[in-house]
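Here's a quick briefing to read with the structure open beside you. Have a look at the chains first, then come back for the notes.

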Amino acid sequence: MSRGDQGIEVAGLHKDYRVHRRKSGMLNTVRSIFHRTYETVPAVRDLSFTIEPGERVGFLGPNGAGKTTTLKILAGLLHPTAGRVVVAGHEPRLREHRFLKRITLVMGQKQQLIWDLPPVDTFSQNRAIYDLSRASFDATLKELDELLGISAIAEKPTRQLSLGERMKCELAAALLHRPDVLFLDEPTIGLDVSMQLAVRDFIRAYNERTGATTLLTSHYMDDVAALCPRVIVIDKGRLRYDGALGKLVEKIRPDKAIVLRYAHRPDRAALERIGTVTECDDAKAVVRVARPDLREAVANLLLDPELSDLTIEDPPLEEVLRELFAQSAAESA
Amino acid sequence: MRRYLRLLLLQLRMSIALGAQYRWDFLTQGGLSLVWTVLGLVPLYVALHNRPAVAGWTYEQALVVVGWFTMLKGILDGAVNPSLVLVVEHIRKGTLDFVLMKPADAQFLVSTARFEPWRAIDLFAGVGILVWTFRLMGTAPSLAAIAVSTLLLAVAVTVLYSMWIAAIAAAFWVVRLDNLSYLMSSLFDFGRWPVSIFKGAVRLFFTFVVPIALMTTYPAEALLGRLEPARAWLGIGGALVFALTGRFVFTRAIGRYTSASS
Amino acid sequence: MRILSAYPTLLRIGFANAVAYRTEMLVWMLTMTMPFVSLALWSAVAESVPVGRFDQKSFVAYFLATIVVRQLCGAWVVWELIQEIKSGTLTSRLLKPIHPLVVYSADNIAAIPLRALFAAPLALIGITSGGTALPHEPHRVVALFLSLFGAWFITFFVMVIIGCLSFFMESSASIFDIWIACFMILSGYLVPLELFPSWVRGVAEVLPFRYTLGFPVEILIGMSSDAAIARGLVIQLAYGCGSAAMALALWRSGVRRFGAFGG
């Protein structure tokens, strides 16, 4: 299995949907029996990027941005309207069996596990479908069990498992055939915090162990921040940013937040001389300061004897992205 | 090829495992099939028992058609319908994507997803009806007749299956399709009558569009030893046409599939 | 009453709903015209010798009337209910300040004119041109409308009952299959009840199936005596009240259980 062609190449991707639009009212309702008008809704516009084998990349964007559409096009589930797409050396939309054996898709909230039967039955089914030898199947299952801990739960009917247990088995079922490319669509949605962490750790460990190219969509910033050194931000179907997450933060919000705690009520006026005060109440204040001025600002703040605690934080990712999308909205306006 | 056979056996085994999970369903469905089969004989009894033959069919001869119908119904309800129901549900829940991600022929996966093995009761009931009817008539079919009619049964299954696949393909476009399976069952139900009873446009419809003629009347005629060979060839040819059309429609539908949002 | 003022809007939305799925509507209409095939069948059977008192013309009238009644009294709430219970989407209906059954019934009634639009007038023309007179004495006309409403009423509430069973079991779709199987034989849908052996006729007169189809059909084509009509209306009323009461009771306890176990 050559490792060279595990990458993903997308050039000028377009995807349009046809949607039926109808105004309300009785007359329009009746009219729609006989004649329907369809609108073309662009879901993805002129998207281009390249992903190297073994990378972990996150797709970020608000709901309806086109992340899931892009992912599905890469997986071969949707046909692009225009543009070039190459995944692991294949054109996804042709859905060649050799291609399908090298990729896998995990969708949060939707599962491929058979509901009424235990996960082991789904595992057997996948073994037959992917034509896995007994030996490699057993070995892979053992490895996945080490990482996920599913041997205890895999023999209970799926419907009796908790959401977290189901997700673990779902991941196992999706990885039995040792794919080179992983597509994960909102994998942690609906999971509790500890489960989210477990899934994240697993994905990172799996990627590091096997070198499988991993693509993740999420609107949980934490997922992406923790897992993906590189992010691709999509908004309204267009590429907004492609690169390291840290650099994005620097570019959009090149300031830091200093969180201050005092014994008594802080002096707002004094703080405002140092930077922008975003919060100021009984014992806590938050001051935003541009990076270059950080050192001086901190030095000044530390002079205050009433100060009991000082932390320097990056602005929350949500805010950064909101800023980014606001910028893009202004651009397109 | 061997892989697909292995997969088929696996799917069958899983359906049986599922059936064991829902034992109550197993019993009621089996019992219900039998009751429905018996009740279905009543209209026939009213129409033909101790009455003149209609369009060349006496009561006993029409019973042969019913026998084949029952067998075919067993195959339809046990091997074809359950998968259709499952696919429509997949589309509704958006999990059909998983089927399409598998490196196996989508039509095969979709068609073998679920079986209901206890419908085999209908198969036995059908054979039972045939045996009983020939006892009534006091004759027995020749071996050649049995061979031809069995072949035509295979033809019938192929045609029926192709129709369902085309219906599943339609489900890709039009998501709410519970009624389509109901419509097809209702139309298929007329297969318990010999097709020659119908006249004109209705008979054409039931010969070429929803070919119950092919599915129940021809095998019955073969068993009674009165099928013209030309008809048999027509049947085989028709099955091929249906199979190819079904496959074509299904492949096109997969091509145009847009999954439910998110 | 709030329900009365909300009903027109509910009807309008129900209509829009019915129209949204054109193909489904078409399929439903086609299903409802199955009796045309029965008509062809029994006309052929009765070609030489009438079956009972039914000759060809009577069969034609009978099955055309079946189409009319089926179109006007059709309900499909059982599938909606089962689906919404299984998927949990019933919750959003339960949170609205209006009883879900009111909304379901509005959906149903609103869709009827549209669905009956094509087949029913044609069938009615067919009946009269064949020589059968539609009821014209005022008391008969009233009885006809009562029986049509009664037929829909019973169908709707029996469907609610069967749908509610999904609160308590995995899926009551199989129970509905049993109902439909019995309906086809014992309501007069496939064969006029008159033509059955007498013991089957007796059973059919007691069971509710006849009152969802056969009874209005017989009134429509003038096949029943006044006494029989009166008797039938009483039984229909009894089944109507009974099914509605059982449906509401089952609904209440089902919803309680639904809330306890979550959607």
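What follows is a short tour of an interface, a helix, some salt bridges and one lysine.

Keep in mind that this is a predicted model. Chain A and chain B bury about 2,800 Å² between them, and the rule picks up three salt bridges across that interface. Over all chains, the structure holds 28 salt bridges.

**Where chain A meets chain B**

- On the contact count, 31 residues of chain A touch 31 residues of chain B.
- Carbon and sulfur atoms give 61% of the area buried between chain A and chain B.
- A:Leu77, A:Lys110 and A:Ile129 together supply 21% of what chain A buries against chain B, more than any other three residues.
- Seven residue pairs are in polar contact across the interface of chain A and chain B, with both residues at pLDDT 80 or more.
- On the side of chain A that touches chain B, the elements giving two or more residues are helix H2 (67-75), helix H3 (97-100), strand S5 (103-107) and helix H4 (119-129) of chain A.
- H4(A) makes the largest contribution to that side, with six residues.
- By residue class, the side of chain A that touches chain B splits into 13 nonpolar, nine polar and nine charged.
- A salt bridge joins the side chains of A:Asp131 and B:Arg3, at 3.7 Å from N to O.

**Helix H1 of chain B**

- B:Arg3, the chain B partner in that A:Asp131 salt bridge, is one of the buried residues of H1(B).
- H1 of chain B covers residues 2-21, which makes 20 residues.
- From first C-alpha to last, H1 of chain B reaches 29 Å, close to the 28 Å expected at 1.5 Å a residue.

**Salt bridges within chains**

- Side chains of opposite charge can pair when their charged atoms come close.
- In chain A, A:Arg230 forms a salt bridge with A:Asp242, and their closest N and O atoms are 2.9 Å apart.
- That pair links distant parts of the chain, with A:Arg230 in strand S8 (residues 230-235) and A:Asp242 in strand S9 (residues 238-244) of chain A, twelve residues apart.
- A:Arg230 counts as buried because its relative accessible area is 13%, under the 20% cut-off.
- A:Asp242 counts as partly exposed because its relative accessibility is 31%, which falls between the 20% and 50% cut-offs.
- Also in chain A, a network of salt bridges links A:Glu143, A:Glu146, A:Arg178 and A:Arg209.
- In chain B, B:Lys73 pairs with B:Asp77 in a salt bridge, with the closest N and O atoms 3.4 Å apart.
- Both B:Lys73 and B:Asp77 sit in helix H3 (residues 59-93) of chain B, four residues apart, or about one turn of the helix.
- B:Lys73 and B:Asp77 are both buried.
- In chain C, C:Glu84 and C:Arg93 form a salt bridge whose closest N and O atoms are 2.7 Å apart.
- C:Glu84 and C:Arg93 are both buried as well.

**A lysine in helix H9 of chain A**

- A:Lys251 belongs to helix H9 (residues 245-252) of chain A.
- A:Lys251 counts as exposed because its relative accessible area is 56%, over the 50% cut-off.
- A:Lys251 and A:Leu324 lie 73 residues apart in sequence, with 9.7 Å between their C-alpha atoms in space.

Methods:
Residues are numbered from 1 along each chain as its sequence is written. Chains are lettered from A and ligands numbered from 1 in the order in which they are written. This is a predicted model: local features need pLDDT of at least 70, side-chain atom pairs count only at pLDDT 80 or more; totals for chains, interfaces and linings use all residues. Side-chain values use heavy atoms; hydrogens and water are left out. The expected span of a helix is 1.5 Å times one less than its number of residues. Buried means under 20% relative accessible area, exposed over 50%, partly exposed in between (1.4 Å probe, protein chains only). Contact means heavy atoms within 4.5 Å. Buried area is the accessible area (1.4 Å probe) that two parts lose on being put together, summed over both. A salt bridge is a side-chain nitrogen of Lys or Arg within 4 Å of a carboxyl oxygen of Asp or Glu. A polar contact is a pair of N or O atoms within 3.5 Å; within protein, one must be able to donate a hydrogen and the other to accept it, and residues adjacent in sequence count only if both atoms are side-chain atoms. Ala, Val, Leu, Ile, Met, Phe, Trp, Tyr, Cys and Pro count as nonpolar, Asp, Glu, Lys and Arg as charged, and the others, Gly among them, as polar.
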